Amino acid sequence: MAIRDEWDEIPDSELHETIVERIQGLGEMFPDSLRSLAHSTVSWSTWGVKGVFSLAKSTVWVVTTTSLIAFLPYIIEKERSDLEKTQVAQQRQMLLGPSAAIQQAKTA
């Protein structure tokens, strides 16, 4: 004789499962070893993804700041030099006329 509980007395049409209850019930049909393996696989995968993301963030930060520190002085000096050349060309054009500035640009 089968043991019956209070849930057996309720008609199936009146029972409503939530999604979580259904997933939990489906999970119980697998052996504990398989559920444990799946859980540890997901845990290790999550840990690995977080570690890779953290490493990527650190790498991007180091590369960005290093390149900024290394190349910013060069870029500033180049801009200053170009500005100085432009000012000299403008002064030359004002003193000697447009043709002198064009000749200077061709020879430089």
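**The aromatic pair and its setting**

Where pLDDT is low, the predicted coordinates should not be read in detail. Over the protein, the mean pLDDT is 87, and 90% of the residues reach 70 or more.

Because this is a predicted model, local features need pLDDT of at least 70 and side-chain atom pairs count only at pLDDT 80 or more, while totals for chains, interfaces and linings use all residues. Residues are numbered from 1 along each chain as its sequence is written, and side-chain values use heavy atoms, with hydrogens and water left out.

The protein has 4 helices and 0 strands, counted as DSSP runs numbered from the N terminus (helices H or I, at least four residues; strands E, at least two).

A search of the whole structure finds 1 aromatic pair. The ring centres of Trp44 and Trp47 are 5.4 Å apart and their planes stand at 85°, so the pair is edge-to-face (rings of Phe, Tyr and Trp, the last by its six-membered ring, pair if their centres lie within 6.5 Å; planes under 30 degrees apart count as stacked, over 60 as edge-to-face and the rest as tilted). Both residues belong to helix H3, 3 residues apart, or about one turn of the helix.

Trp44 and Trp47 are both exposed, and 4% of the 108 residues of the protein count as buried (buried is under 20% relative accessible area, exposed over 50%, partly exposed in between, with a 1.4 Å probe and protein chains only).

Terms used. pLDDT is the predictor's confidence in each residue, from 0 to 100.
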